[in-house]
Amino acid sequence: MALAYTTGSFGAYANSKMPDKQLNSRSSFSGISFVSDPVKPSFGISKRSLLPSLKSIVLKASPATTVENGSSEETDVIPTPIVIIDQDSDPNATIVEITFGDRLGALIDTMNALKKLGLNVVKANVYLDSSGKHTKFAITIASTGRKVDDPELLEAIRLTVINNMLEYHPESSARLALGLAYGTPPLRENVEAIKTQVHVYDDGPEQSLLCVETVDHPGLLVYLVKIVTDINIDIKSGEFDTEGLLARAKFHVNYRGKALIKPLQQVLGNSLRYALTKPTTEDASF
């Protein structure tokens, strides 16, 4: 799974409505370019506007008894829901991969929901392995035909996919952070079992590899991007996975086209650890 960011254009997507107009490209996630001034990269998203706009995507649905074009049979073992946002494998499209054991059907409603975000699903395919049925969508922006590079829109895609999974597979709610919207808060012990980990590795002369694992929550993808770019570090490419309550990010980062020196790696790691582990009022919801 992969994403790409450079200090330049992930494009702000802060409105609660899904606009028909072309997205403003002030920051980007695929090559991610975040448009910025020469001194400091500008992400163009205020902390106050971010979470309300993304949370408005998550709708509380009535319990569903059938699944989206799939099997309605229930088993005792609930598989781990997985949503992957991949910006690396296709230069012309954003790849979204969805897995929930073998319970997912054709996902027609999910594709329609993505179209309402101003996106086109240009290709879809399915493959099976020991972990279940994997559905992949290749997505572009309808107005431009380009891959998605706006971090807020990428997060909107992620939340839309998860919301549809919750609507058609309510049994997944206990294994997703967004299950709270459906009246099923994640078990505290499951949340507390996930320890935030941040590592920065050397990855050649022109980039470093940033790896983050933490508890998922709405707006997390954009939050991570903002933390990184606020300290003038560019995200060149990357990947973001949601595996149940766990979120994983792998970003290739650089500073002015070069790999991060050790002191800057330490600054980046410390900034992320502090931001992701500091207590918040939302912790009480768990």
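Glu-243 and Arg-248 join their side chains in a salt bridge, 2.7 Å from N to O. The model is predicted. Glu-243 is partly exposed, at 26% relative accessibility. Arg-248 is partly exposed too, with a relative accessible area of 28%.

In the pair of Arg-158 and Asp-216, the closest N and O atoms are 2.9 Å apart. Arg-158 belongs to helix α3 (residues 151-168) and Asp-216 to the loop between β6 and α5, so this pair ties together parts 58 residues apart in sequence. Arg-158 is buried at 1% relative accessibility, and Asp-216 is buried at 2%.

The structure holds 8 salt bridges. Among them is the pair of Lys-136 and Glu-97, at 3.9 Å from N to O. This pair links distant parts of the chain: Lys-136 sits in strand β4 (residues 132-141) and Glu-97 in strand β2, 39 residues apart. Lys-136 is partly exposed, at 26% relative accessible area. Glu-97 counts as buried, at 10%.

**Strand pairing**

| Strands | Sense | Bridges |
|---|---|---|
| β6 (residues 208-215) and β8 | antiparallel | 8 bridges |
| β7 (residues 234-243) and β8 | antiparallel | 9 bridges |
| β1 and β2 (residues 94-99) | antiparallel | 5 bridges |
| β1 and β7 | antiparallel | 5 bridges |

Why is strand β8 (residues 246-254) described as largely enclosed by the rest of the structure? Of its 9 residues, 7 are buried, so the rest of the structure largely encloses the strand. Val-253 of β8 stands opposite Ser-208. Arg-248 of β8 is the bridge partner of Asp-241. The hairpin of β7 and β8 has 2 residues between the strands, and in this hairpin Gly-244 takes a positive phi near 65°.

Strand β1 (residues 82-86) has 4 of its 5 residues buried, so this strand is also largely enclosed by the rest of the structure. Ile-84 stands opposite Glu-97 in β2. In β7, the bridge partner of Ile-84 is Asp-241.

**A buried helix residue**

Val-228 lies in helix α5 (residues 220-230). Is Val-228 buried or exposed? Its relative accessible area is 0%, so Val-228 counts as buried. Beyond its neighbours within four places in sequence, Val-228 contacts Leu-210, Ile-233, Ile-235, Val-253 and Leu-268. Val-228 and Leu-210 are 18 residues apart along the chain, with their C-alpha atoms separated by 9.8 Å.

Notes. Residues are numbered from 1 along each chain as its sequence is written. This is a predicted model: local features need pLDDT of at least 70, side-chain atom pairs count only at pLDDT 80 or more; totals for chains, interfaces and linings use all residues. Side-chain values use heavy atoms; hydrogens and water are left out. Buried means under 20% relative accessible area, exposed over 50%, partly exposed in between (1.4 Å probe, protein chains only). Two strands pair if DSSP finds at least two bridges between them. Contact means heavy atoms within 4.5 Å. A salt bridge is a side-chain nitrogen of Lys or Arg within 4 Å of a carboxyl oxygen of Asp or Glu.
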